[in-house]
Amino acid sequence: MFFQVLRDVTAEEYQYQLSDTLTVSLAGNQIHSETVTLATTQDKSLLIATRNEGKTREFKAFFSKLGYTVKNLNDFPDLPEVAETGMTFEENARLKAETISELTGEVVLADDSGLMVDVLGGLPGVWSARFAGPHATDAANNAKLLHELASTAVTPEKRTAKFHTTLVVAAPDKPSLVVEGEWLGAIATIPKGDDGFGYDPLFVDEATGRTAAQLTLAQKNKVSHRALALEKLLTKWPDWQKS
């Protein structure tokens, strides 16, 4: 702007050259020179705040199509574990995303997801990963869920459930972005399917009647709670990046 005003005042044209140095000339005379650093193409990388490779695979399948390099916490073995002490999905997701972003300087996406069974009052909910106790395996959590629902085996209408996820994206010196998604279904009486993780072998998709573990990753990434949340995320992502 300064050089444009100078041209208007002097009625002389200016020229500039830009390499490692910005040089400005007016009427054939150099009037300004400074060293500049050119912005390189933004590194499109995203750190997923999980060590769960199954969960990472779902996010990677989505974000790799957008040109992002996706990492997870296994790429940062020295990072401390973030205790999920929140009482809501959003509180836990915020804790992970904002803490890890502060420690690494990375753009971090954290999700807190869980299975909510209606007859159990929304349990296991935020305790889904540790429903059967601390460090519980997927098999142990599934076994406990079937035990809790044993009395409803002949009343399928009492086995309705939903998967919920809250996604939080955090970056240094920016307000976090928060979206949610839910996937409606029911709980099977026996595990079915070989794909997926967590409660996928027991969660029956309302639309198809198949468990999440019977769906391919591509099919799951069109209908799941994370897929729905990611759709919302994409609509807000451009404005959030500018904020």
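Contact, as the word is used in these legends, means heavy atoms within 4.5 Å. The views show a predicted model, in which local features need pLDDT of at least 70 and side-chain atom pairs count only at pLDDT 80 or more, while totals for chains, interfaces and linings use all residues. Residues are numbered from 1 along each chain as its sequence is written, and side-chain values use heavy atoms, with hydrogens and water left out.

**View A. Helix 2 and helix 3 lie across strands of the sheet.** Helix 2 (residues 53-63) lies across strand 4, strand 5, strand 6 (108-117) and strand 7 (160-170), and runs at about 165° to strand 5. Helix 3 (residues 89-104) lies across strand 4, strand 6, strand 7 and strand 8 (177-187), at about 160° to strand 6. Helices (H or I, at least four residues) and strands (E, at least two) are DSSP runs numbered from the N terminus, and angles run from 0 to 180 degrees between the N-to-C directions of axes, which are lines fitted to C-alpha atoms, for helices over the stretch in contact.

**View B. Six strands form an open, mixed sheet in the order 5-4-6-7-8-9.** Strand 5 (69-72) and strand 9 (203-205) each have a single partner strand, so one side of each is left without a neighbour in the sheet. Two strands pair if DSSP finds at least two bridges between them; strand 4 (residues 45-48) and strand 5 run parallel and are joined by four bridges, and Ile-48 has Asn-72 in strand 5 as its bridge partner.

**View C. Arg-226 forms a salt bridge with Glu-58.** A salt bridge is a side-chain nitrogen of Lys or Arg within 4 Å of a carboxyl oxygen of Asp or Glu, and here the closest N and O atoms are 3.1 Å apart. The pair links distant parts of the chain, since Arg-226 belongs to helix 6 (residues 225-242) and Glu-58 to helix 2, 168 residues apart. Arg-226 counts as buried at 6% relative accessibility, as does Glu-58 at 5%, where buried means under 20% relative accessible area, exposed over 50%, and partly exposed in between (1.4 Å probe, protein chains only). Both residues belong to a network of salt bridges that also links Lys-55, Asp-111, Asp-200 and Lys-220.

**View D. Arg-94 forms a salt bridge with Glu-98 in helix 3.** The closest N and O atoms of this pair are 2.8 Å apart. Arg-94 is partly exposed, with a relative accessible area of 28%, and Glu-98 is partly exposed, at 32%.
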